[in-house]
Amino acid sequence: MMTEKLTCKEVARILSDGLDQQMAPAERARLRMHMVICEACRNVEQQFDLLRRLVRKIEPSDGDDGTADDKP
Amino acid sequence: MSPLEQELSALYKPLLRFAQLQLRDKAAAEDAVSATMLAILEKPDAFQGASSLRTYATGILKHKLVDHIRRCSREVAIEPLDEQSLDDAIESLFREDGHWQDKPAAWVEPEQALERAQMMRVLEGCLEKLPARVARVFMMREWLEKETQEVCEELGITANNCHVMLFRARMLLRSCLDSNWFHRSTP
């Protein structure tokens, strides 16, 4: 496993992958290390989690703006 | 019309919109919604009113959508994906050294029901804007709540491709929701 620091770009991908599969402990440690020092990526982690929660809650809603119905 | 039929009639359009979000194919979406309504009308007693009819119908519709995807995933003519421009869009969020171009700021979830409903509409709009192939993988994973492995198998794509698609979807949705809701510039 590399010991180089992760970039925010790499972290975004790792956070996404982490929502779909188990992370190796070493990779997890590198990720958490980055999270300790990077507020932006902490926000992204929280936002990916919220996205998941919100999408699961989507139910058919009564269209009031008509945007979707008129699409080809 | 019976009260159940009246309720179903009012649900038709919402369900159709919902099905289209996943299938991106109007005729297929109509089929799935018709099959859902037929299933409810065939066994009206199965709906006990424990949940709302909307929730009940949504549950059945999800199964019909999965059925459809299972049957057609390999043959359906879905618009090809311009991977290059998609990756460029994501790439442009970062500086060359891998740092964020604009640092993502925290999101504050609305507490009021009305605001939450508005936020969900914005999210739906963002989902509708996703490229069809990206949306299909994402919706199967997150909305139909299937394991990633199942999604790959049913769509006949590699695990790596699956992860790439999910990453693209999350990045695009994050940006879309950020600029259209959480940090929208116009009040």
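User: What makes domain 1 and domain 2 of chain B count as being in contact, and how many residues take part?

Analyst: Two residues are in contact if their C-beta atoms, placed from the backbone, lie within 7 Å. Eight residues of domain 1 of chain B meet ten residues of domain 2 of chain B in this way. The elements giving two or more residues to the domain 1 side are α1 (3-23) and α3 (53-72) of chain B, and α3(B) gives the most, with five residues. Helices here are DSSP runs (H or I, at least four residues), numbered from the N terminus.

This is a predicted model, in which local features need pLDDT of at least 70 and side-chain atom pairs count only at pLDDT 80 or more, while totals for chains, interfaces and linings use all residues. Residues are numbered from 1 along each chain as its sequence is written, and chains are lettered from A and ligands numbered from 1 in the order in which they are written.

User: Where do the bounds of the two domains of chain B lie?

Analyst: Domain 1 of chain B covers 3-72 and domain 2 covers 83-182; such bounds come from an automatic or database domain assignment. The C-alpha centres of these two domains lie 25 Å apart.

User: Why are α1(A) and α8(B) called roughly perpendicular?

Analyst: Helix α1 (residues 8-18) of chain A and helix α8 (residues 159-182) of chain B pack at an angle of about 110°, with their axes 9 Å apart. Axes are lines fitted to C-alpha atoms, for helices over the stretch in contact, and angles run from 0 to 180 degrees between N-to-C directions. Angles under 35 degrees count as roughly parallel, over 145 as roughly antiparallel, 65 to 115 as roughly perpendicular and the rest as oblique. The pair α1(A) and α8(B) is therefore roughly perpendicular.

User: Which residues make that contact of α1(A) with α8(B)?

Analyst: From α1(A) come Ala12(A), Arg13(A), Ser16(A) and Asp17(A), and from α8(B) come His163(B), Leu166(B), Phe167(B), Arg170(B) and Met171(B).

User: What makes α5(B) and α8(B) oblique?

Analyst: Helix α5 (residues 113-129) of chain B packs against α8(B) at an angle of about 135°, with the axes 9 Å apart. By the same cut-offs, α5(B) and α8(B) are therefore oblique to each other. On the α5(B) side, Met119(B), Val122(B), Leu123(B), Cys126(B) and Lys129(B) take part, meeting Leu173(B), Cys176(B), Leu177(B), Asn180(B) and Trp181(B) of α8(B).

User: How many residues does each chain bring to the contact between chain A and chain B?

Analyst: Chain A brings 30 residues and chain B brings 38. On the side of chain A, the largest share, eleven residues, comes from α3(A).
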